[in-house]
Structures are given as C-alpha cells and as structure tokens.
Amino acid sequence: MTINKIIILGDVFFSNNNDKLVFFNKIKNQFTDSLVIANLEGSIKFEHDNSKNKAVHMSLPKFNPQEIPDNLFFSLVNNHVTDFGIQNFQLNLEHFGKKGLISTREKISNIIGQQKFIFLADHKEQCLIKETNFLNFSNKTILGIANEINSAIVIVHGGIEFRRYPTPYQRTLARKIIGYGAKKVIFHHSHTIGHYEFWNERLIHY
C-alpha cells in the first residue's frame with residue numbers, strides 16, 4: 001500500500017447496503033493513495049442484549065469485511081459499538097478482524113503502513129471501558145501508556161456533542177498527549193466541526 005496521505009474520518013454510519021457501497025466506491029476511486037481510518041459508529045446486530053437501555057441503537061447492515069477497500073480501516077472505539085451488548089461487540093470484533101481497530105492494555109498500538117495509531121475512549125461520553133477493555137481517555141491511562149504514545153497518532157472518541165470548542169479537561173489531556181511525543185491528537189464524537197490548535201507545533205483537532 002502506497003500512502004501519501006492519512007485521512008481520519010469522524011462518525012461513519014450506513015443505514016443500508018447502498019450507503020455502504022457509495023462510501024466504499026468513494027474510498028476506492030477518490031482516495032487510492034490515502035490511508036483512511038474511519039470511526040464506525042454502530043454495530044452489526046448478530047444478537048441483541050435487551051439490557052442495554054440506550055436512546056438510539058445504531059444497527060449497521062451486515063456486510064463481508066472482504067468488501068472493505070484495502071486502504072480503509074475502521075475504528076471500533078466508540079459509544080455505539082456496545083449498543084446490542086458486549087457479546088455482540090465481541091462478535092463484531094471477530095467479524096471485522098484486521099479491519100477493525102481498537103486499543104487495549106494488551107495491544108495499545110496499531111501499526112498500519114508503518115504508522116502507529118492509538119485509540120482512546122472517553123467514558124464520560126457513554127463509552128463502556130471495563131466491558132470492552134478500551135483504553136480510557138483519562139490522566140491515569142495516559143500516564144500509563146506514555147512510552148507508547150511517542151510518534152503515534154492518537155485518536156479520541158470523546159467531547160461534548162455539538163460543541164465546537166474543547167472543555168478544559170479535553171485540552172489539558174490532549175496537550176499532555178502531545179507532550180509525550182504524539183504526532184497529533186484527533187477527536188471525533190461531537191458531530192460538528194471542532195476547533196483546532198497547534199501545541200508544540202503539533203495538531204490537536206477537537
């Protein structure tokens with residue numbers, strides 16, 4: 001895979017197979033020289049755990065991971081991957097295989113095209129941490145993985161929805177991540193184009 005650009009997409013969702021095909025074709029035809037990391041906001045429903053009382057259940061159409069373009073990978077670190085229960089989330093992990101990316105204590109970094117990615121989930125935004133084993137966007141976690149952060153692109157699912165500007169909490173932790181040597185910090189979840197800044201000459205996009 002020849003990579004000239006890295007494109008990081010916020011919350012991607014397919015309501016039907018046509019949506020999926022349009023998206024995949026766009027990646028194949030318009031971004032052939034790019035590595036695309038997209039946050040997949042939802043789950044394929046293999047089974048339904050009715051104990052999860054959520055306002056919105058994001059159900060994706062079933063599709064074969066072999067359909068996914070070679071240069072496209074999905075982050076599975078968000079608050080909707082457990083909409084149908086933790087067992088269904090595990091089935092999604094198995095289904096997507098190498099195309100589904102997460103960060104855990106056991107596997108902090110994901111290396112794609114010689115680039116290191118780390119994914120953090122903000123438990124304040126309904127991301128389930130203990131059940132998924134996601135790395136939490138917290139001071140304690142960031143201190144614990146400081147050595148791994150160096151030279152990584154750190155992607156955070158967190159921030160208040162429809163808020164353009166970061167909270168002091170977001171800004172403090174994002175700057176700390178840059179201080180540990182991250183190349184950049186990118187947030188999604190807010191459903192709006194957020195503010196950005198350069199801290200120590202490195203991008204933080206909220």
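Before you click anything, one term: a residue counts as buried when its relative accessible area is under 20%, as exposed when over 50%, and as partly exposed in between (1.4 Å probe, protein chains only). Helices (H or I, at least four residues) and strands (E, at least two) are DSSP runs, numbered from the N terminus.

What you have open is a predicted model, in which local features need pLDDT of at least 70 and side-chain atom pairs count only at pLDDT 80 or more, while totals for chains, interfaces and linings use all residues. Residues are numbered from 1 along each chain as its sequence is written, and side-chain values use heavy atoms, with hydrogens and water left out.

**Stop 1: strand 2**

Select residues 34-40, which make up strand 2. How many of the residues of strand 2 are buried? Seven of its seven are, so the strand is mostly covered by the cut-off that defines buried. Colour Ser34, Val36, Ala38 and Leu40 for one side, then Leu35, Ile37 and Asn39 for the other: both faces are covered. In a regular strand, side chains alternate between the two faces of the sheet.

**Stop 2**

Now bring in the partners. Two strands pair if DSSP finds at least two bridges between them. Seven bridges link strand 1 and strand 2 in the parallel sense; look for Ile8 opposite Ile37. Strand 2 is also joined to strand 5, running parallel, by four bridges, and here Asn39 faces Ser75.

**Stop 2: the largest core**

A nonpolar core is a set of buried Ala, Val, Leu, Ile, Met, Phe, Trp, Tyr and Cys residues joined through side-chain atoms within 4.5 Å. The largest one here has 33 residues, and Phe14, Phe23, Ile37, Leu72 and Phe74 have the most contacts inside it. Among the elements that each supply at least two of its residues are helix 1 (17-30), helix 2 (86-96) and strand 10 (152-157). Strand 2 gives the most, with five. Apart from this core lies another, of 20 residues, among them Ile108, Ile118, Val185 and Ile204.

Zoom in on Phe14. Leaving aside neighbours within four places in sequence, Phe14 has contacts (heavy atoms within 4.5 Å) that include Phe23, Phe24, Leu40, Pro61 and Phe74.

**Stop 4**

Select Leu120, in strand 8. Is Leu120 buried or exposed? Leu120 is buried, because its relative accessible area is 1%. Among the residues Leu120 touches, beyond those up to four places away in sequence, are Val77, Phe137, Val154 and Ile177.

Then jump to Lys183, in the loop between helix 5 (168-179) and strand 11 (184-188). Lys183 is partly exposed, because its relative accessible area is 37%. Lys116 is 67 residues away along the chain, yet the two C-alpha atoms are separated by 9.6 Å. Not counting residues up to four places away in sequence, Lys183 touches Gln115, Ser151, Ala152, Ile153, Arg202 and Leu203.
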